[in-house]
Amino acid sequence: AACDTLDVNIYATFDKPYNAELELNITNKSTDQTGPGAVFKLTRNNFRRMGADLSLEVRGSYEWQTGANTEGRSSLLNSYEYGLSGSLSYPRFRFFGLGLGRKLSRRYVSSTAIDLQARWQNRAGFFGRVSWSGGVNYTLQHKRNIKHEFSPLTITYDQLLHSTARFDSIVNANPALYISMRDQFVPSMSYTFSWAGSPKHPSSLVISLKEASAVVSSIYAISGKPYSQEGKKLLGVPFAQFVKGTVQYTRQVPLTRRSQLAMRAFGGIVYSYGNAKVAPYSELFSVGGANS
């Protein structure tokens with residue numbers, strides 16, 4: 001009890017410089033579409049001896065229209081999607097020139113990630129579109145079960161590459177759909193709060209808030225263009241303006257020693273205002289799949 005010294009043995013082993021992951025799947029839908037998909041991710045640990053991880057990911061999927069008698073080019077009959085993404089993650093705060101990062105990293109478990117991604121989509125018989133995005137994300141965890149994530153700036157550019165006469169007729173009858181699908185910039189910032197329960201009672205709560213173009217609209221307002229005015233553009237392209245909030249709660253209830261019941265409740269709302277009456281297609285809620 002009077003001893004103030006603790007003998008500690010620390011054992012270290014070299015980690016491999018690269019990690020690789022491969023995921024394969026096949027999909028069959030009630031719309032007579034079936035096809036394979038794949039995701040490959042490669043991570044370089046301790047990139048340039050900075051303690052950072054550099055990750056590159058390639059994903060793609062293809063779905064054939066089976067049992068269809070529709071005539072036309074294959075791009076109008078078959079759906080496909082592919083994407084590229086890259087991420088550079090630091091195990092601490094990085095503010096790139098500001099001296100705050102080192103002080104905060106000493107007090108909290110933190111990380112900084114720079115993300116870039118591109119995503120191409122072709123929906124059989126409807127449209128083809130591409131989405132480019134990039135941003136910075138900060139993560140802070142000051143308690144074991146509480147985590148904060150903040151993205152001060154994420155810029156997304158959505159572009160409609162082509163459309164069919166069928167899709168054009170739907171858009172003409174539904175102007176709100178046209179606004180959500182048109183070419184547009186989405187400059188946004190977001191905050192996410194995560195809470196995890198104890199291992200004996202596995203549960204989690206995630207609350208997320210996101211807003212788009214508040215800063216851009218404020219600059220326009222200073223120049224004399226009010227928030228309510230529509231048709232404002234950024235680099236010659238309209239920009240989205242919305243506020244989005246989501247809440248998700250999960251709970252796992254043990255049934256036997258080897259089984260449990262997992263439950264999930266999710267809710268959200270998007271309010272568009274100012275420059276756009278409808279949120280972008282990528283921000284709308286979906287059910288029954290990633291693109292339903």
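**Strands, edges and a patch**

Modeller: Let's start with a pair: N28 has T34 in β2 as its bridge partner. Keep in mind that this is a predicted model, where local features need pLDDT of at least 70 and side-chain atom pairs count only at pLDDT 80 or more, while totals for chains, interfaces and linings use all residues. Residues are numbered from 1 along each chain as its sequence is written, and side-chain values use heavy atoms, with hydrogens and water left out.

Biologist: What makes β1 a strand, and how do you know that β1 and β2 pair?

Modeller: Strands are DSSP runs of E with at least two residues, numbered from the N terminus, and β1 covers 18-28. Two strands pair if DSSP finds at least two bridges between them; β1 and β2 are joined by eleven and run antiparallel, so they pair. They form a hairpin with four residues between them, and D32 in the turn has a positive phi of about 65°.

Biologist: How do you know that β5 and β6 pair?

Modeller: Same rule: 15 bridges join β5 (residues 109-123) to β6 (residues 127-143), so the pairing holds. In β6, R129 stands opposite Q121.

Biologist: Which strands stand at the edges of the sheet, and why?

Modeller: The open sheet has eleven strands in the order β1-β2-β3-β4-β5-β6-β7-β8-β9-β12-β13, with antiparallel pairing. β1 and β13 (259-272) each have a single partner strand, so one side of each is left without a neighbour in the sheet.

Biologist: Why is L22 called exposed?

Modeller: Buried means under 20% relative accessible area, exposed over 50%, and partly exposed in between (1.4 Å probe, protein chains only). L22, in strand β1, has 60%, so it counts as exposed. D15, in the segment before β1, is at 61%, so D15 is exposed too.

Biologist: And what makes β1 lie largely in the open?

Modeller: Of its eleven residues, the number buried is zero, so β1 lies largely in the open.

Biologist: Which residues make the nonpolar surface patch?

Modeller: Y18, L22, L24, F40 and L42 make it, with about 530 Å². Nonpolar side chains (Val, Leu, Ile, Met, Phe, Trp, Tyr) are joined within 5 Å, like charges within 9 Å. Three residues of the patch, the largest share, come from β1.

Notes: Patch = residues over 30% accessible without salt bridge, like charges linked within 9 Å, V, L, I, M, F, W, Y side chains within 5 Å. Areas by Shrake-Rupley, 256 points an atom, 1.4 Å probe, with all protein chains shown as cover. Salt bridge = Lys/Arg side-chain N within 4 Å of Asp/Glu carboxyl O.
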